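This briefing goes through selected features of one structure, grouped by topic. Please read it alongside the sequence and the model.

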Amino acid sequence: MLWHHARPLGQAPMVVRPLAQLVCNLSRWATVDPEAMNSSAPAECRNLVGGRWLPSAISRQLPDPLTGDTFLEVPHTQPDEIGPFIQSLRSVPKSGLHNPLKEPERYLLYGDVSFRVAAELRRPEVEHFFARLIQRVAPKSIIQALGEVRVTRKFFENFSGDQVRFLARGFTNPGDHPGQISSGNRWPYGPVALITPFNFPLEIPALQLMGALYMGNKPLLHVDQRVSVVVEQLLRLLHHCGAPPTDVDLLHGPGTTMGDVLKGAEPRSTLFTGSQRVAERLAVELHGKVFLEDAGFDWKILGPDVRDLDYVAWQCDQDAYACTGQKCSAQSILFAHSNWVIAGLLDRITDLATSRKLSDLTVGPVLSWTTKSILDHTKRLLQIPGAKLLFGGKPLSGHSIPEVYGAVEPTAVFIPLEQALLPEHFGVVTTEVFGPFQVVTEWQDGQLPQVLDACERMSHHLTAAVVSNDINFVQHVLGNTVNGTTYVGIRARTTGAPQNHWFGPAGDPRGAGIGTPEAIRLVWSCHREIITDFGPVPPPSFLVQS
């Protein structure tokens, strides 16, 4: 059988009820209705600064990604309005809002807040509210949208109770003499900034934001304007659950305005998730005081041992095309051993990918590439000798997606391995297309060094998958690659940023992680060594000049 692409294995079919049919307590904090957002009643957003929700002088009207009709009004904050944001960040001491020696009760506060938020997210009406809001601004299937909400809820569960306090755990070492002892402490940066993209409008900002707050920082948050309504509603839920309103500032608006704030406020650290181009510019403008999770041209290698063909085909389809391929962890290139090609893997992937439909959002609008740009890239690849179109390569039909967004069928282009490795082709072959697109190539016995050379030459090392149960093969590939989040085994995937393991790149000292205690400590705190030396003071005979 072929695994169905719309439902995770082991889960029952999803029953989706209209929001109005659910017993609802949303009126206590929610200010938008995802079911009612339309051109007649667009949802309205507000900036948050100094604990106050404020409009900007002008708003930007945003189109529904599926219809093109205006459905959202977002503050289009301009440079002459950024003074309060700069002042707010500059008022934060470098020692943070709390640290192991200052107001440690705030660790407990955020453990309690996390508990309450998790409980709220377990309510069917709240879960459904966020899933539908995600679908409205970043269209994806209901399974994918609910998955994002549930990962976020589990993260809050993980850091309930004393778990926030435990994030600040340090260590001690004996000193040189009585009364002396050294201790290592996790210390906040104080004023920080957080910039996140459109593709996971709840999960990415929520997990990074809470990590910043847990460690004692005050973050200025900026989310892609097209989806920032989601995180605004999360902040309103956080306030409802006891988070101090002054602990976070939220700036809606263009990235250039956020850049002006960063220049004026000079935060001690900035976490950026998004495009490689912007990441490198920020690294220069902020003098290296950044953590980055930027591009992800992610590879999957299928080893020689063929088994569980239907499952592997299903996972390949999920990795390349779920969320319309708009994941930084999406499968960008598939290195399939010839044994898999002979067994019919590519035909099975074709069957799955071509069954995706706009009607259930298993394929949908591409928010960062236009239809023309994706198809032009496809044509460039097809000009490589030996290249062929496996499937797709056409615009979606019968839709009202605005032209500013992309609308293409799930697409795969086959490139011979020898051609892909040539210097004149490698750059275009390894260009990340943030949409339903992948490159496929085939390798044979004796060609693993060429495959590993391709992985070595790639510039960004986020996720990867080694699909094999041959332990010697797996260890050889792992020992010669560097990707930060790597799945191995017959169930290996490239996509996956849950709350239970580290997600982030490797090989770059600026690389950021997300989700786990290790990621939070790395990104949102620094090491401070404190040596206590209270005596007793030695007798005068020991006080010899040197």
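This is a predicted model: local features need pLDDT of at least 70, side-chain atom pairs count only at pLDDT 80 or more; totals for chains, interfaces and linings use all residues.

Gln315 has a relative accessibility of 7%, below the 20% cut-off, and therefore counts as buried. This residue is part of helix 10 (residues 309–321). Beyond its neighbours within four places in sequence, Gln315 touches Lys300, Ala492, Arg493 and Thr495.

**Loops on either side of helix 10**

- Asp308 sits in the loop that links strand 13 to helix 10.
- The phi angle of Asp308 is near 50°, a positive value in a residue other than glycine.
- With a relative accessibility of 40%, Asp308 falls between the 20% and 50% cut-offs and so counts as partly exposed.
- Thr324 is found in the loop between helix 10 and strand 14.
- Thr324, also not a glycine, has a positive phi of about 55°.
- The relative accessible area of Thr324 is 0%, so this residue is buried.

- Seven strands make up an open sheet with mixed pairing, in the order 15-16-17-14-13-18-19.
- The edges are strand 15 (388–391) and strand 19 (485–488); each has a single partner strand, so one side of each has no neighbour in the sheet.
- On average, neighbouring strands of this sheet are turned by 20° against each other, direction ignored.
- Strand 13 (residues 298–302) and strand 14 (residues 331–337) run parallel and are joined by five bridges.
- Along this pairing, Asp298 is opposite Gln331 of strand 14, and Ile301 is opposite Phe335 of strand 14.
- Strand 14 is mostly covered, with seven of its seven residues buried.
- Helix 12 (residues 345–353) lies across strand 13, strand 14, strand 15 and strand 17 (437–443).
- The angle between helix 12 and strand 15 is about 55°.

- Strand 8 runs parallel to strand 9 (residues 218–223), and six bridges join the two.
- Thr196 has Val223 of strand 9 opposite.

- Another open sheet has three strands in the order 1-5-4, and its pairing is mixed.
- Strand 1 (43–44) and strand 4 (59–63) are at the edges, each with a single partner strand, so one side of each is left without a neighbour in the sheet.
- Two bridges pair strand 1 with strand 5 (residues 70–75) in the parallel sense.
- Glu44 has Glu73 in strand 5 as its bridge partner.

**Helix 2 against helix 3**

- The axes of helix 2 (residues 105–122) and helix 3 (residues 124–137) come within 4 Å of each other and cross at roughly 85°.
- The two helices, helix 2 and helix 3, are therefore roughly perpendicular.
- The contact brings Glu120, Leu121 and Arg122 of helix 2 to Pro124, Val126, Glu127 and Phe130 of helix 3.
- By class, this contact of helix 2 with helix 3 has four nonpolar residues, three charged residues and no polar ones.

**Helix 18**

- Ala519, Ile520, Val523 and Trp524 are buried in helix 18 (residues 517–524).
- Viewed down the axis of helix 18, the buried residues fall within an arc of 95°, so they line one face of the helix.
- An α-helix has 3.6 residues a turn, so residues three or four places apart point the same way.
- The cover over the buried residues of helix 18 includes the helices 4 (142–158), 5 (163–167) and 6 (203–214).
- Strand 8 (191–196), strand 11 (269–273) and strand 12 (290–293) are also among the elements that cover these residues of helix 18.

**A cis peptide bond**

- Gly535 and Pro536 are joined by a cis peptide bond, with omega about 15°.
- Pro536 is located in the segment after strand 20 (526–533).

Conventions: Residues are numbered from 1 along each chain as its sequence is written. Side-chain values use heavy atoms; hydrogens and water are left out. Two strands pair if DSSP finds at least two bridges between them. Axes are lines fitted to C-alpha atoms, for helices over the stretch in contact, and angles run from 0 to 180 degrees between N-to-C directions. Contact means heavy atoms within 4.5 Å. Angles under 35 degrees count as roughly parallel, over 145 as roughly antiparallel, 65 to 115 as roughly perpendicular and the rest as oblique. Ala, Val, Leu, Ile, Met, Phe, Trp, Tyr, Cys and Pro count as nonpolar, Asp, Glu, Lys and Arg as charged, and the others, Gly among them, as polar. Buried means under 20% relative accessible area, exposed over 50%, partly exposed in between (1.4 Å probe, protein chains only). The arc is that of the directions from the helix axis to the C-beta atoms.
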